[in-house]
Amino acid sequence: MARNDLRIFTGNANPQLAEAIARELGISVGRMVVSRFSDGEIQVKVEESARGMDAFIIQPTCCPVNETLMELLIMCDAFKRASARRITCVMPYYGYARQDKKVKPREPVTARLVANLLTHAGANRILTVDLHAEQIQGFFDMPVDHLPAGPIIADYLRKSGLSDADLVVVSPDVGGVARARALAEQLGAPIAIIAKRRPEPNKSEIMEIIGDVDGKVAVMIDDIIDTAGSIVNGAVALKERGARQVYACCTHPIFSGSASERLCNSVFEEVIVTDTIPLGPWCGKTKITVLSVAPMLADAIARINEDRSVSQLFEEYL
Ligand code: R5P
């Protein structure tokens, strides 16, 4: 039973998701206005008392990322100054995560910079889904609850009858092996790995496929589909190596540029995504299925509010 100090708020990043989470919790979204001054500066007004509140701000830092991030920082500042007891940033998608280390000299580490900004703005806790890299949790000196969308995807694939096929779960790059292995374990399938390289940002080239895909139904799993270059090229390579059918799964459907057209014109049987970020005009296109993370996030929020275990939540999804 959630305590009555629990309140949900949202900026402009994904209000539909905030509404869905609030519905799951049986409460309404808190009263707050996040608007713009005439020069474009962000204006936040919390229109109810926040004193002693356990405030959960639902705000994926998705496109337009600089706007959604700045809204989140200013909302945190508002709740801190209004004496909220605890401020949890619910970031179903953590933007700027792909620059999580220096690969070449003089590069920034934006994932750490965002963590520093949130800390200084007054966040006390982070709740997020499928960080680009697990180690980003360590960029924070506060609790980070990191939820996987894999169990939701596995549940959907099982209910679609796909787990009975001769499956192989495929990671589209070496960095995603842990994610692919977790899904493979849930589906009782082996894994394969695509070794790709990026000659430049947002371009990918397939180098090799490790593992047996011949005659199998391949389920590709990635955290992000942005331009769809990695996953579409990977699917072509899997077909060339004899995969019978290929499915694409991802948590965060950024779908920049013409990604949704590329996906719909690709060899994929189906593209399975979640609603961590708002659904674009592509929503409803054939081939694309959207699964909601709202019940999982609502459950996690209630557990955090009641000081109950968050990890036990996965027993329900596995
Ligand atoms: C990269 O390592 C990520 O996990 C995704 O594979 C990548 O961001 C997808 O980008 P795109 O769709 O533009 O190839």
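**Stop 1: a buried ring**

Select Phe-79. At 0% relative accessibility, Phe-79 counts as buried, because the cut-off for buried is under 20% relative accessible area. Keep in mind that this is a predicted model.

**Stop 2: the aromatic pairs**

A pair of aromatic rings is described by the distance of the centres and the angle of the planes. The model has 3 aromatic pairs. In one of them, the ring centres of Phe-9 and Phe-79 lie 4.7 Å apart and the planes stand at 55°, so this pair is tilted. Phe-9 belongs to strand β1 and Phe-79 to helix α2. The pair links distant parts of the chain, 70 residues apart.

Next, select Tyr-94 and Phe-140. How far apart are the ring centres of Tyr-94 and Phe-140? The distance is 6.0 Å, and the planes are at 75°, so the pair is edge-to-face. Tyr-94 lies in the loop between β5 and α3, and Phe-140 in the loop between β6 and β7. They are 46 residues apart in the chain. Both Tyr-94 and Phe-140 are buried.

**Stop 3: the sheet**

Switch to the cartoon view. Look for an open sheet of 5 strands, in the order β1-β4-β5-β6-β7. The pairing is parallel. Which strands stand at the edges? They are β1 (6-10) and β7 (144-147). Each has a single partner strand, so one side of each is left without a neighbour in the sheet. Neighbouring strands are turned by 20° against each other on average, direction ignored.

Zoom in on β5 (residues 86-91) and β6 (residues 125-129). These two strands pair in the parallel sense over 4 bridges. Find Met-91: it stands opposite Thr-128 in β6.

**Stop 4: helices on the sheet**

Select residues 15-25. This is helix α1, which packs on the sheet and touches β1 and β4 (54-58). Its direction makes about 165° with that of β1.

Now select residues 294-305, helix α8. Helix α8 also packs on the sheet, touching β1, β4, β5, β6 and β7. Its direction makes about 160° with that of β6.

**Stop 5: helix against helix**

Finish with α2 (residues 65-81) and α3 (residues 110-121). Their axes are 8 Å apart, at an angle of about 25°. The two helices are therefore roughly parallel to each other. Show the side chains. Leu-69, Leu-72 and Lys-80 are among the α2 residues in this contact, and the α3 residues include Val-114, Leu-117 and His-120. The contact residues divide into 8 nonpolar, 1 polar and 2 charged.

Terms used. Residues are numbered from 1 along each chain as its sequence is written. This is a predicted model: local features need pLDDT of at least 70, side-chain atom pairs count only at pLDDT 80 or more; totals for chains, interfaces and linings use all residues. Side-chain values use heavy atoms; hydrogens and water are left out. Axes are lines fitted to C-alpha atoms, for helices over the stretch in contact, and angles run from 0 to 180 degrees between N-to-C directions. Angles under 35 degrees count as roughly parallel, over 145 as roughly antiparallel, 65 to 115 as roughly perpendicular and the rest as oblique. Contact means heavy atoms within 4.5 Å. Ala, Val, Leu, Ile, Met, Phe, Trp, Tyr, Cys and Pro count as nonpolar, Asp, Glu, Lys and Arg as charged, and the others, Gly among them, as polar. Two strands pair if DSSP finds at least two bridges between them. Rings of Phe, Tyr and Trp (its six-membered ring) pair if their centres lie within 6.5 Å; planes under 30 degrees apart count as stacked, over 60 as edge-to-face and the rest as tilted. Buried means under 20% relative accessible area, exposed over 50%, partly exposed in between (1.4 Å probe, protein chains only).
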